[in-house]
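Let's take a walk through a protein together and look at how some of its charged side chains pair up. Have the sequence and the 3D view ready as you read.

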Amino acid sequence: VDQTPQIARTPQGYNCQPLNDDYQVRWQVDGSNLNVELVGRIPENTYMGWGISGRTSETWMIGADAVIADYPNSGPRARDFFMDQRAQCNGQAGVCADTTGGFTSDISNVSGEKDDDFGLSLVRFTRPLVPTDRTATSNRGESVDKSISTTPGI
């Protein structure tokens, strides 16, 4: 009998990429949108992050368009960030939420679940394949179905 918890099972039609032993990203292209699930064994007050790399050929933080997700007591959250410098956001530049600096948050349909028995958190969200950010890195014609450089974090 398979005792894998439901939260750890990849839904039918989704791609899955383990990023380390405790963290994976799952995704499905749905028309012009990307449905994403971040699943991780994360302690309280910790986040998971994933996004399109700032460079087409390698994982690169500068220029990355990332989502930072966590699961506080109030429920799942997924926030859209653009990373144009290795610095704290100053309101115009740095690692800034897309609600600052002229960017637009493209995240919608945030939901999630927890499995305390297995210590797993899952945060689901939807974002467009082509973000509305003014310097969006995924607007370079790459197919999300093929292997692309991503920027994970936990």
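Predicted model: local features only at pLDDT ≥ 70, side-chain atom pairs only at ≥ 80, totals over all residues.

Side chains of opposite charge can pair when their charged atoms come close. In this structure there are 10 salt bridges, and we will visit some of them.

Start with Glu-58 and Arg-55, whose closest N and O atoms are 2.7 Å apart in a salt bridge.

Next, find Asp-80 and Arg-127, which form a salt bridge with an N to O distance of 3.9 Å. Asp-80 sits in strand E6 (residues 77-83), while Arg-127 belongs to strand E9 (residues 120-128), so this pair ties together parts that lie 47 residues apart in sequence. Both Asp-80 and Arg-127 are buried, which means that each has under 20% relative accessible area.

Strand E9 also holds Arg-124, and its partner Glu-113 lies in strand E8 (residues 108-115), so here the parts tied together are 11 residues apart in sequence. In this salt bridge, the closest N and O atoms of Glu-113 and Arg-124 are 2.5 Å apart. Glu-113 is partly exposed, with a relative accessible area of 30%, and Arg-124 is partly exposed as well, at 25%.

Terms used. Residues numbered from 1 in each chain as written. Heavy atoms only, no water. Salt bridge = Lys/Arg side-chain N within 4 Å of Asp/Glu carboxyl O. Helix = DSSP H or I, 4+ residues; strand = E, 2+ residues; numbered from the N terminus. Buried < 20%, exposed > 50% of the residue type's maximum accessible area, 1.4 Å probe, protein only.
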